[in-house]
Amino acid sequence: MTETPPSAPGKGCGEEDCACTRRTAMKAAGATLGAAAFATALAPLTEWAQDLSVDQFLQKHYREMSPAEMAQVLERITSDTLKHHGVQISISDVKPRPDVQFGYALNLSICIGCRRCAEACHVENNHDRASHNSYIRVLEMTQGSIDLEQGDATYTHAVPAPGKYYMPIQCQHCDNPPCTKVCPVEATWKEDDGIVVVDYDWCIGCRYCEAACPYHARRFNWQAPEIPAEEINPVQAYLSNRIRPQGVMEKCTFCLHRTRQGRLPACLEACPTGARVFGDLADPDSEIRWILANKRVFVLKEELGTKPRFFYFFDK
Amino acid sequence: MDHDPIPMPNPTRHLTTYPRFLWRAAGLATDGGLRFYAWMTVLTCIALVGAHAWAIQVRDGLAVTGMSDHVSWGLYIANFTFTVGVAAAAVMMVIPAYLYHDHEMHDAVIVGELLAIAAIVMCLLSVTVDLGRPDRFWHLMPGFGRFNWPMSMLTWDVLVLNGYLLLNLHICGYLIYSRYCGQRPDPRWYLPFVFLSIVWAFSIHTVTAFLYCGLGGRPFWNSAVLAPRFLASAFVAGPSLIILAILALRQLGAYPLGDRPVKLLVKIIQVTALINLFLLACELFTIFYTGGAHLASAHYLFFGMHGHYGLVPWIWTAISLNVIACGLFLWSGTRRRIWLLVAACVMTVVGIWIEKGMGLIIPGFIPSTLHEIVEYRPSLIEWQITAGIWAAGLMVYTVLLKIAIPILNGRVRADLDHRPTPVEQATSITEITAPPAR
């Protein structure tokens, strides 16, 4: 419409377009190169994703699964364990028994600190062998103090040592558990019989529960557990001793695959002194109720208000 | 609607203007001189190293970190805590600009708000890399997974951090887009959000403090003064970072702001740095005078315990840097010497990064809840991932500034942009000249 200025915009535009195209091409090349570099950098993810199936990715929360869906999941876990560990397992989803409230008591007067409970836990619950993981930690305490600060969990000498007593510590299955409260995805909760459990297939591995637990009861799978095939305990349950995936939280389940079927926890069976007493707090005739009524009983860190279901007592 | 006091663009015009704005933004974000490309290349390389380290960590498990069942959070959560503070500190620019109508701050406020966006991105990255199962992130999405709200403080953090990100994206995006359109921004579309973001900024750091101080089993964190301390230190480190950004932009000739924003920020730091040190002193008095359960972690942190001294050099470095920087900020000579001001800001940022990170998160776990001492040292993978997150954050910040500054300067505007292309010209001519049908 207006007169063309002498600088000939047609030519100028052409040059600009040319520069623009070159620049755009450079940018596109840079972006492609960058994307390729990131794909290469992230390559280890593809190796990791090989073991993940769509079913696993979409699996529902334990409490939302129908019995049929649970059956499918158990089937998949069975075939995966056969594939990865070479072991045929029998896995079930053991439900709480009605009107049962589990509790545990430990006699500090006769515990000798032999750590056989910790070892039994290690074997029963299919723990990683290299890290020698166990849900139980035994503290060697100095007589005259119940201050944990004076305890030592790494002793290697013969037991019982003079002037010492021993305090095994595992999940206290609190009635007011700080760990379940903090979980952002409800991957850990308290069951009707009082057992605090983890859905290993729902946990996102944030480890907030581990920070919240005042008893060092939780363990994280820093890597996928490794167990020789011949050492794997094939009797497993979904919420307890099945082989855990990498990157999720785990903890003591009072051996619910045993105790919910009328057996005793592995740690109790292994104890050579009879220091451990396990039973139904709802049954007035149970041994554990007798102990609560007749012994000088205390719980750990009572001042925190966690209301443990794990009781300690002295005989003499 | 009929008697709108502010001229609003015809709504349908946005259908063409907004895509053009986005296209221009993409161009601005990727155009620059040699220095810009060099800077972005270096950042990309660091981010690549971090991405690779993270992929290895996901494949092999968090065993590749220095963390353990005793010290179950480490560098990632430390860095997370610090960056939440940086994000919250943008509010220190927003309050004077909008609450006290300080118009000279209006141009500077965007530098702070964009920093908040970059910092939130870093926060979200820091928690993501800390997850053992990042593939299950959807369990955390409200409506899809099982969101343990309101009980878990972590779900609150998810809400407030993402909310703060959206708020700042909206405020910055709206202001920049309005400028691009050549329109005066409509206060109804951003002022309520600005006031909300002021409250929200306090909430993100408060909720993050509640993550830790709500845990009865960790006496070192279980202190009511934790949230105030978080805020105080954030309002020292954040403004320091913003000062550094403003000075860098001025040095590069990219966005020469007046002296006032820097002066105001220094004034803010003079107060907050003192409050920060005061609150630290309160905490130390309560811990060391009372003794008992709270003492063990602090003793380990400051003086070591039973032959373990892992954090002692860290914390004394932090305390020295913070005290010296506080002195520098208070001394009037610092404001006349730019290099001293830069030194004070850098010291503050490093000092608070250590104090809020390694000095706060790690001693919460040492001694453990069974009073065992297991020390923690970040592994190479952790350093690589953390560096990668910082590089990613700086890239986001650079790109956002590259887009915002030319538009705020008025150099890039919709009407200047709209040079009709030959095709458009042709169509418009046809539109005008084409004879009506029949």
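Which residues does B:Ala116 touch, not counting residues up to four places away in sequence? The legends below answer this and then turn to the two chains of this predicted model.

Figure 1. Leaving out residues up to four places away in sequence, B:Ala116 touches B:Ala87, B:Ala90, B:Tyr164 and B:Asn168. B:Ala116 belongs to helix H5 of chain B, which covers residues 103-130. Its relative accessible area is 0%, so B:Ala116 counts as buried, the cut-off being under 20%. B:Ala25 is 91 residues away from B:Ala116 along the chain, and 19 Å separate their C-alpha atoms.

**Figure 2. Contact between chain A and chain B.** On the side of chain A, 60 residues are in contact with 58 residues of chain B. Between them the two chains bury about 5,200 Å², and carbon and sulfur atoms account for 58% of this area. Within chain A, the residues losing the most area to chain B are A:Ile204, A:Tyr208 and A:Trp222, which together make up 14% of what that side buries.

**Figure 3. A salt bridge between the chains, B:Arg146 to A:Glu64.** The two side chains meet with an N to O distance of 2.8 Å. The count of salt bridges between chain A and chain B is seven. Residue pairs in polar contact number 35, with both residues at pLDDT 80 or more.

**Figure 4. The side of chain A that touches chain B.** Several elements each supply at least two residues, among them helix H1 (9-41), strand E3 (137-142) and helix H7 (208-212). H1(A) gives the largest share, seven residues. By type, this side has 34 nonpolar, ten polar and 16 charged residues.

How values were computed. Residues are numbered from 1 along each chain as its sequence is written. Chains are lettered from A and ligands numbered from 1 in the order in which they are written. This is a predicted model: local features need pLDDT of at least 70, side-chain atom pairs count only at pLDDT 80 or more; totals for chains, interfaces and linings use all residues. Side-chain values use heavy atoms; hydrogens and water are left out. Contact means heavy atoms within 4.5 Å. Buried area is the accessible area (1.4 Å probe) that two parts lose on being put together, summed over both. A salt bridge is a side-chain nitrogen of Lys or Arg within 4 Å of a carboxyl oxygen of Asp or Glu. A polar contact is a pair of N or O atoms within 3.5 Å; within protein, one must be able to donate a hydrogen and the other to accept it, and residues adjacent in sequence count only if both atoms are side-chain atoms. Helices (H or I, at least four residues) and strands (E, at least two) are DSSP runs, numbered from the N terminus. Ala, Val, Leu, Ile, Met, Phe, Trp, Tyr, Cys and Pro count as nonpolar, Asp, Glu, Lys and Arg as charged, and the others, Gly among them, as polar. Buried means under 20% relative accessible area, exposed over 50%, partly exposed in between (1.4 Å probe, protein chains only).
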